[in-house]
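Subject: A structure for you to look at

Hi there,

Here is the structure I promised to pass on to you. Please open it alongside this email and find each residue as you read.

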Amino acid sequence: MPHLMLSCVVAIILLMLPGALAARVLGCRGVGTIALAPLITCAVYGMLGCAYAIVGMPSGPVTLFAVPSVIFGAGAFVRSRIERGRAGAPAVGAHVRGRAPRVHPLRERALTLFGHDISWAAFAASVAVIVGLVTCATVFLPSLGSPDAFSQNYDNAFHMSRVRTFMDTGVYSSLAGGFYPSAWHCLAALIGVTCQASVPMAISASMVAIEGVAYPLSMFVLLAALFPTRPRRVVLGCLACTMIAYFPWRIMLFGPLYPNVLSFSLMTAVAGVFVVLVDTETERPRRIRAAILFVIGGISLALAQPNGVFSAGVFLIPCCLVAAARWARAAGASRGLSVLAALGCALLIVAIWVALLCLPFFKPIVTYPRDTPVNWLQALKWAFHFSFVIKRPQFMAGFIVALGGLGLVVERRGRWVAFGYALTVALYVVAISFSGQLREALTGFWYNDYHRLAAAAAVFAIVPLSVGLDYVVGAIYAIARKLVCVKKAGALPRAAAVVCGLVACVVLAGMYVLNSRPVRFLPEQYKSYGYDAVMYEMRDMYGCGEYGETGPLDAPERAFLDRVADEVGHDAVIVNQPYDGSVFGYALDDLNLLFKQYNPPDDPAVAEICLHARELATDPAVRVAIDEVDAAYVLQLDQGAGPQDMNEKGSFYLNGYGKESWEGINLINDETPGFTPVLAEGDMRLYRVEAE
């Protein structure tokens, strides 16, 4: 466990330092440099990884982390010296302008804490990070059971193998083997190499850095951009940023979709930057900086998981329409022309959407088949109480979000936020309850996957949630004013304000309990199953639940893989059947497996081996195929003759498995000619392929 803790600390440094220095170079100050750091860092890692691969330079802690940090650090130092020199000289043209430059309202106000004045922005960001880290420490880390625990789901075989490949080769490129967004794989590989950590440990450390630091800070950026004059609303949103259990924990149970976790954790910061960019009151220097950050953010999301771009885009569609109308009015247009400007913006968005749908690149993604398990009415109910896919209701969060949404509709300037969140919910409903071309047109960019769209809705639900909490706290203060006979615009006496604050804290704590735990005195149909249900499933996924090991690779098999590595080393090609759990042997022990993923064979030689390897001594075609892939060994972890051609008492993975495709490997035994047993333990075997 100390190694995991050290890896988590290193992961946070790797994620924060380059981006913070780069943000300072761009002119960000104070908490802004910290809050925007993860967004910039991911873009830097993603782009440098591709660039280094193109020129043949290896990526690693020095080239990917140290070199950019030194360059950005030097740039930040130079900028600080320049700004300090300008601060000492009189402002040119100050007498002409006749007014001081506008300061972000969230920075204008200070909070006295422990005898010191700190900005509300710094306080809110600190609250967000503390909440994120506490959630990781109480929900995620206790669910692991072991520092080297990992999910044995289908997608994770690919993710772990890609991280191992990055670590082994020094090629951290999203373009390796065709385009696949790999910003997260870059981060995990960098953690593994820097800390000499195993692939599972590096993955867990990356999740702590992302969900404990990057996601809360990203949410802070969006809240601060939306409510610059409402610091209480920002603080409450940061306090509740992990209140909805679906994200990130449920999406980590499905797949797991680690790249999507990173992309969705950063997309709120991109959305916040866009809000500042299109605001008609933003000064030119801030607008230029926001434009640069928006481009960097788009690159970061594209290299993490592109559907994060679409998720943020859907949320921002109403913002674009409102901004178009406001810019038209600011230019002197009439109300009718401003409406036409908004309509033109809507038509442009539709045109871009349709054009992207028609691109051949997106066709296999858009047409990806999915089931539709519920009707649209049931989907709306699930969206309301945030159970989304399985029965894990959080009724209190649902009611507060509904309250906040209604409040945003009433508040004129915040109306678009409510509609943006409603659009994300609508796409989830379409994905889970509709089928055909309508679903492909609306949700195809997410693989028509309601898990991802549910996660996107859960992320943006924090905004109306913060507004709803603000109304609750405001109601408590209003009642207090009535009780002590203070006018609405007046300030409460100090004692009354302290009592009021304590009452608000108690109410918020009660809401958290009602939202996260199945309180006994409530009727069963109204109980909330938040983090308790998440932790139960996570413990089951990581193999430390009440049923013990749940994946295809159990503890004895992991020990056997260690013996195989000691016996054959890391270079010899080993023929394996991935569904018996051996697929993870590459990520865990650096075994040179024929199958490092759960992918069906697409090479003729590999297909010949899968179907007919046991006929090596009698079929020359098999010998040719074996020689073509240079196979030296055959590995089996569940040898047997059960219904799946494997030991029926063993542990194996059946999602996507078809025994007829693997008979050539499964049916090899100690008597099969051409194969000599090297290691044997229970139903586990390692055979040497005999030379011709």
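Start with helix 1 (residues 2-25) and helix 3 (residues 37-55), whose axes come within 7 Å and cross at roughly 100°. Because of that angle, helix 1 is roughly perpendicular to helix 3. On the helix 1 side, the contact is made by Leu-14, Leu-15, Met-16, Pro-18, Gly-19, Ala-20, Ala-22 and Ala-23. Helix 3 brings Ala-37, Pro-38, Ile-40, Thr-41, Cys-42 and Tyr-45 to the contact. Sorted by class, the residues in this contact are twelve nonpolar, two polar and no charged ones. Please keep in mind that this is a predicted model.

Now for another pair of helices. How do helix 7 and helix 11 cross? The axes of helix 7 (residues 120-144) and helix 11 (residues 231-239) come within 8 Å, with a crossing angle of roughly 15°. Helix 7 is therefore roughly parallel to helix 11. The crossing of helix 7 past helix 11 is right-handed. From helix 7, the residues that take part are Trp-120, Phe-123, Ala-124, Val-127, Ala-128 and Val-131. They meet Pro-231, Val-234, Val-235, Cys-238 and Leu-239 of helix 11. By class, that contact has eleven nonpolar residues, with no polar and no charged ones. If you wonder why I quote both an angle and a distance, two packed helices are described by the angle between their axes and the distance between the axes.

Next, have a look at Asn-448. You can find Asn-448 in the loop between helix 21 (437-443) and helix 22 (450-460). Is Asn-448 buried or exposed? Its relative accessibility is 1%, so Asn-448 counts as buried. The side chain of Asn-448 makes a polar contact of 3.0 Å with the side chain of Thr-443. A polar atom of the Asn-448 side chain also lies 3.5 Å from the backbone nitrogen of Gly-444. Leaving aside residues up to four places away in sequence, Asn-448 touches several others, among them Ile-365, Tyr-368, Ala-431 and Arg-439.

Arg-439 counts as buried because its relative accessibility is 6%. A polar atom of the Arg-439 side chain lies 3.4 Å from the backbone oxygen of Asp-371. How far apart are the C-alpha atoms of Arg-439 and Val-366? They are separated by 9.0 Å, although the two residues are 73 residues apart along the chain. Among the residues that Arg-439 touches, not counting those up to four places away in sequence, are Arg-370, Thr-372, Val-430 and Phe-434.

With a relative accessible area of 18%, Val-276 is buried, because the cut-off is under 20%. Not counting residues up to four places away in sequence, Val-276 touches Ala-225, Thr-282, Arg-286, Arg-287 and Ala-290. The C-alpha atoms of Val-276 and Asn-156 are separated by 37 Å, and these two residues are 120 residues apart along the chain.

Finally, go to helix 25 (residues 531-541). Which residues of helix 25 are buried? They include Tyr-531, Ala-533, Val-534, Met-535, Met-538 and Met-541. Helix 25 is followed by Gly-543, which has a positive phi, near 80°.

Enjoy exploring, and write back with any questions!

Best wishes

Notes. Residues numbered from 1 in each chain as written. Predicted model: local features only at pLDDT ≥ 70, side-chain atom pairs only at ≥ 80, totals over all residues. Heavy atoms only, no water. Axes fitted to C-alpha atoms, helices over the stretch in contact; angles between N-to-C directions. Helix = DSSP H or I, 4+ residues; strand = E, 2+ residues; numbered from the N terminus. Parallel < 35°, antiparallel > 145°, perpendicular 65-115°, else oblique. Left-handed = near helix turned anticlockwise from the far one by under 90°. Contact = heavy atoms within 4.5 Å. Nonpolar A, V, L, I, M, F, W, Y, C, P; charged D, E, K, R; others polar. Buried < 20%, exposed > 50% of the residue type's maximum accessible area, 1.4 Å probe, protein only. Polar contact = N/O pair within 3.5 Å; in protein donor to acceptor, adjacent residues only side chain to side chain.
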